[in-house]
Amino acid sequence: MRVVHHAANPVEAHLVKHALEADGVLVFVLGESLAGGVGELPAGSFIQVAVPDGQVDAAEAVLRELPLLAGSVDDDALADDDGLGDAAGLTA
């Protein structure tokens, strides 16, 4: 089992999890219950996304393409008429 992503919050962890699962990667979210201790625990990334050793390469390939993690914002999606864009840059 290898950690492929340290998430800032549970929502980010599950967005990553769903993207990986959509590509057939088995995913585990670790430390999610520690998010309730923010302010009581030392600062850090408690929530981790992990995959089996044999699926690390596939997971890393998906993560490289994930707009959420690239820090990119799709300006065209933000300017969409309904204001919702295309669900955070994800298309069918």
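His5 counts as buried, because its relative accessibility is 11%. Buried means under 20% relative accessible area, exposed over 50%, and partly exposed in between, with a 1.4 Å probe and protein chains only.

A word on the source. This is a predicted model, where local features need pLDDT of at least 70 and side-chain atom pairs count only at pLDDT 80 or more, while totals for chains, interfaces and linings use all residues. Residues are numbered from 1 along each chain as its sequence is written, and side-chain values use heavy atoms, leaving out hydrogens and water.

Back to His5. This residue sits in strand S1, residues 2-7. Its side chain makes a polar contact of 2.6 Å with that of Glu12. A polar contact is a pair of N or O atoms within 3.5 Å; within protein, one must be able to donate a hydrogen and the other to accept it, and residues adjacent in sequence count only if both atoms are side-chain atoms.

Now the overall layout. The protein has four helices and three strands. From the N terminus, the order is β-α-β-β-α-α-α. Helices (H or I, at least four residues) and strands (E, at least two) are DSSP runs, numbered from the N terminus.

Next, the sheet. Three strands form an open sheet, ordered S1-S3-S2 and paired antiparallel. S1 and S2 (28-30) are at the edges with a single partner strand each, so one side of each has no neighbour in the sheet. Pairing takes at least two DSSP bridges between two strands. S1 and S3 (residues 47-51) are joined by five bridges. Across that pair, Ala7 stands opposite Ile47.

What packs on the sheet? Helix H2, residues 56-65, which touches S1 and S3. Contact means heavy atoms within 4.5 Å. Which residues of H2 are buried? Val56, Ala59, Val62 and Leu63. Down the helix axis they fall within an arc of 125°, so they line one face of H2. That arc is taken over directions from the helix axis to the C-beta atoms. On the other side of H2, Asp57, Arg64 and Glu65 are exposed.

Last, confidence. The protein averages a pLDDT of 75, and 61% of the residues score at least 70. pLDDT is the predictor's confidence in each residue, from 0 to 100. Where is confidence lowest? In helix H4, residues 75-78, with a mean of 43; S2 is highest, at 94. Residues 71-92 have pLDDT below 50. Where pLDDT is low, the predicted coordinates should not be read in detail.

Methods: Axes fitted to C-alpha atoms, helices over the stretch in contact; angles between N-to-C directions.
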